Amino acid sequence: GVSVACPGGGFVVDSEFMNLDDYGVHTANPTNDFLVRNCTFSNVYVAAGADWSPSHLDVIDCEMEGGVGGVGFFGGATGSVTDCIMRDSINYGVAIWNPGAVTVTENTIEQTTGWGMSLGDADQVVVTNNVIRTQTGTCLHLPYPCDGMVFQGNDLHRGEGNFAETNEYWPYTPPVYFHLEHNYWGTTDAAEIQAHIIDGYVQDNVNMFVIFEPFEGGPVPTETRSWSTVKELFRGE
């Protein structure tokens with residue numbers, strides 16, 4: 001696709017990427033300002049990703065279907081994902097591992113298998129007003145602590161899978177907590193939510209725990225896209 005390493009920044013707009021075994025758009029140091037807007041990605045390995053500080057990537061109003069992943073931020077990269085639709089990637093819709101400041105808002109992620117979002121060392125990340133739906137996959141993969149992350153006002157719908165899963169984490173003391181309060185989990189039954197969060201409360205030798213109460217009693221006001229209407233938005237369907 002497009003590989004970028006330019007300090008002056010740039011953009012890719014109104015473009016279509018199909019059947020790629022690598023990134024659709026990839027930015028790396030020293031790309032300090034790059035925009036991807038109104039693009040479609042079909043069966044692309046990873047639609048868009050940013051690596052290595054000070055790489056900065058904004059992904060806005062894009063559609064992604066298939067491939068291994070939707071959007072990723074790694075190694076101190078910064079940026080945003082806004083008003084995008086991601087569906088049926090193998091691994092994740094959004095992956096944010098050890099980034100700088102990243103904002104993820106107003107997106108819809110639909111997964112059959114895989115994870116909706118994977119969030120690790122995401123200490124400067126704000127995730128708000130997103131809809132994450134899975135069928136047999138997991139809404140949230142939480143591999144590493146996320147001290148300082150804000151994850152609020154999101155709608156999570158798990159299908160037959162789980163809401164969230166953590167990994168083992170060393171050292172075992174002190175315990176690590178993921179603060180995921182003030183989201184809607186597709187139900188108002190706290191026992192059902194807890195039963196489908198796989199963390200230290202149900203796994204031996206795991207010292208990471210998800211805090212989900214208090215939670216919202218219904219969909220957040222910004223949710224306007226149903227499962228069927230999201231599918232209709234994809235070009236060619």
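How many cavities of 30 Å³ or more does a search of the whole structure find? One. Here are my notes on that and a few other things.

1. Confidence first, as this is a predicted model. The mean pLDDT is 91 for the protein, with 92% of residues at 70 or more. The stretch to watch is 223-237, where pLDDT is below 50.

2. Now the cavity. Its volume comes out at about 50 Å³. The lining includes Met64, Glu65 and Gly66, along with Met86, Arg87, Tyr92 and Gly93. Ile109, Glu110 and Gln111 are also among the lining residues.

3. Which strands supply at least two residues each to that lining? Strand 7 (63-65), strand 10 (85-87), strand 11 (92-97) and strand 13 (108-111). Strand 13 gives the most, with three residues. By residue type, the lining splits into four nonpolar, five polar and three charged.

4. On to the aromatics: the structure has eight aromatic pairs. One of them joins Phe163 and Trp185 edge-to-face, at 5.3 Å centre to centre and with 85 degrees between the planes. This pair links distant parts of the chain, its members being 22 residues apart. Phe163 belongs to strand 20 (residues 162-166), while Trp185 sits in the loop between strand 21 (176-179) and helix 1 (190-195).

5. Are Phe163 and Trp185 buried or exposed? Both are buried. They also belong to a cluster: ring pairs link Phe163 and Trp185 with Phe212 and Phe215.

Key:
Residues are numbered from 1 along each chain as its sequence is written. This is a predicted model: local features need pLDDT of at least 70, side-chain atom pairs count only at pLDDT 80 or more; totals for chains, interfaces and linings use all residues. Side-chain values use heavy atoms; hydrogens and water are left out. pLDDT is the predictor's confidence in each residue, from 0 to 100. Contact means heavy atoms within 4.5 Å. On a 1 Å grid over the protein atoms alone, a cavity is a set of points where a 1.4 Å probe fits but cannot get out, and a pocket is an open set with protein on both sides within 12 Å along at least five of seven lines; lining residues have an atom within 4 Å of a point. Grid points are joined across faces, edges and corners, and a volume is the space filled by probe spheres set on the points. Helices (H or I, at least four residues) and strands (E, at least two) are DSSP runs, numbered from the N terminus. Ala, Val, Leu, Ile, Met, Phe, Trp, Tyr, Cys and Pro count as nonpolar, Asp, Glu, Lys and Arg as charged, and the others, Gly among them, as polar. Rings of Phe, Tyr and Trp (its six-membered ring) pair if their centres lie within 6.5 Å; planes under 30 degrees apart count as stacked, over 60 as edge-to-face and the rest as tilted. Buried means under 20% relative accessible area, exposed over 50%, partly exposed in between (1.4 Å probe, protein chains only).
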